Amino acid sequence: MSAQITRIQENLKALKLFKTHELVESFLEEASKNNQPYSDFLDQLLKQEVVAKKEKNIAMRTCLAKFPFVKTLESFDFDFQPSIDKKRIKELATCRFIDNGENVIFLGPPGVGKTHLAVALGIKAVTEGYRTYFTQAMPLIASLSKAYAENRIEERLKFYCQPKLLIIDEIGYIPIDRHGAHLFFQLVSRRYERGALILTSNRSFSQWNEIFGDPVIATAILDRMLHHSTTINIKGNSYRLKEKVKAGLIRQPEVTQS
Ligand SMILES: Nc1ncnc2c1ncn2[C@@H]1O[C@H](COP(=O)(O)OP(=O)(O)OP(=O)(O)O)[C@@H](O)[C@H]1O
Ligand SMILES: [Mg+2]
């Protein structure tokens, strides 16, 4: 390797152009072999660097979003769940609801794909450059309650208000106490018309009084959340049981209405 190539590579490293650092030698060889114009050489090298940086950025933001798994819209079998209007999901995948600070609520019984779709939209958001954070409802409430007890509630609320898209999974599996409900209300209230939310729940809105143990708080939460929102009410069978049903291990369950 010539002293000049070594110097070029050192400078590329110093500039954090790692993909170019990796490729420059082979690209130079190819360029001189094929008598490639300088502009083509530079164009192709920069293209690779930009792609690599974008991919790294998406991987980093995906990691920061704390998704429980990586699932995409492409891997969602819409034929299995005909109650879902694919067009509405496609519209949500444009991420316009995030720009408008609107909310999306997935309702339905266990295993019908609520978390899958919430994560898939979250991944779309990350890919489009929106800061996104995923949490389940119970750890969220626990973290708000802990912060409140330690006089750090402001800081914690700010943390949950920073992402452009906040996904709160599994509202309703475990009841929330009155204090937790108040803290949750504060969060919903702060994000109202400012930051988008995706929520998933196995309980219909009429049952939210029971989840929050206080009809006044439940109404106030629902009022803000539903003002600018899309509700996807999934009525179907659990995908988790699909394989077992197929294998004849269990009978097809009744379609659950919510
Ligand atoms: N229509 C579908 N196409 C492909 N995979 C699906 C579909 N529906 C669900 N799944 C898969 O089935 C599993 C369960 O789905 P998911 O976790 O989204 O269900 P859920 O509605 O959130 O259930 P729960 O209320 O129990 O949390 C996941 O692995 C998910 O990827
Ligand atoms: Mg789920």
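Of the contacts in the protein with a separation of 6 or more, 78% join residues 24 or more positions apart; two residues are in contact if their C-beta atoms, placed from the backbone, lie within 7 Å. The model is predicted: local features need pLDDT of at least 70 and side-chain atom pairs count only at pLDDT 80 or more, while totals for chains, interfaces and linings use all residues. Residues are numbered from 1 along each chain as its sequence is written, and chains are lettered from A and ligands numbered from 1 in the order in which they are written.

The domain assignment divides the protein into domain 1 (3–64) and domain 2 (66–246), with bounds that come from an automatic or database domain assignment. The C-alpha centres of these two domains are 40 Å apart. Along the principal axes, the C-alpha atoms fill a box of roughly 75 × 55 × 30 Å. The radius of gyration is 24 Å, whereas a compact globule of 258 residues would have one near 18 Å; the radius is taken over C-alpha atoms, and the globule rule is 2.2 Å times the number of residues to the power 0.38. The C-alpha atoms of Gln4 and Gly108, which are 104 residues apart along the chain, are separated by 63 Å.

The secondary structure comprises twelve helices and five strands, where helices (H or I, at least four residues) and strands (E, at least two) are DSSP runs numbered from the N terminus. An open sheet of five strands has the order S2-S3-S4-S1-S5 with parallel pairing; two strands pair if DSSP finds at least two bridges between them. Strand S2 (132–136) and strand S5 (229–233) form the edges, each pairing on one side only. On average, neighbouring strands of this sheet are turned by 10° against each other, direction ignored. Within the sheet, strand S3 (residues 165–171) and strand S4 (residues 196–201) run parallel and are joined by five bridges. Ile171 has Ser201 in S4 as its bridge partner.

Helix H7 (residues 137–149) lies across S2 and S3 and runs at about 95° to S2. For such angles, axes are lines fitted to C-alpha atoms, for helices over the stretch in contact, and the angles run from 0 to 180 degrees between N-to-C directions.

Buried residues make up 24% of the 258 residues. A residue is buried if 20 or more other C-beta atoms lie within 10 Å of its own, exposed if 12 or fewer, and partly exposed in between, with C-beta atoms placed from the backbone. The largest nonpolar core has 46 residues, of which Ile168, Phe184 and Ile198 touch the most other members. Helix H6 (residues 114–127) gives the most to this core, with eight residues. Such a core is a set of buried Ala, Val, Leu, Ile, Met, Phe, Trp, Tyr and Cys residues joined through C-beta atoms within 7 Å. Leaving aside neighbours within four places in sequence, Phe184 is in contact with Ile141, Ile176 and Ile221.

Gly108 lies between strand S1 (103–107) and H6, and counts as buried because it has 25 C-beta neighbours inside 10 Å. Most residues other than glycine have a negative phi. Cys95, in the loop between helix H4 (86–92) and helix H5 (96–99), is not a glycine but has a positive phi of about 70°. Cys95 is partly exposed, with 19 other C-beta atoms within 10 Å. Asn151, in the loop between H7 and helix H8 (153–161), also has a positive phi, near 60°. With 8 C-beta neighbours inside 10 Å, Asn151 counts as exposed.
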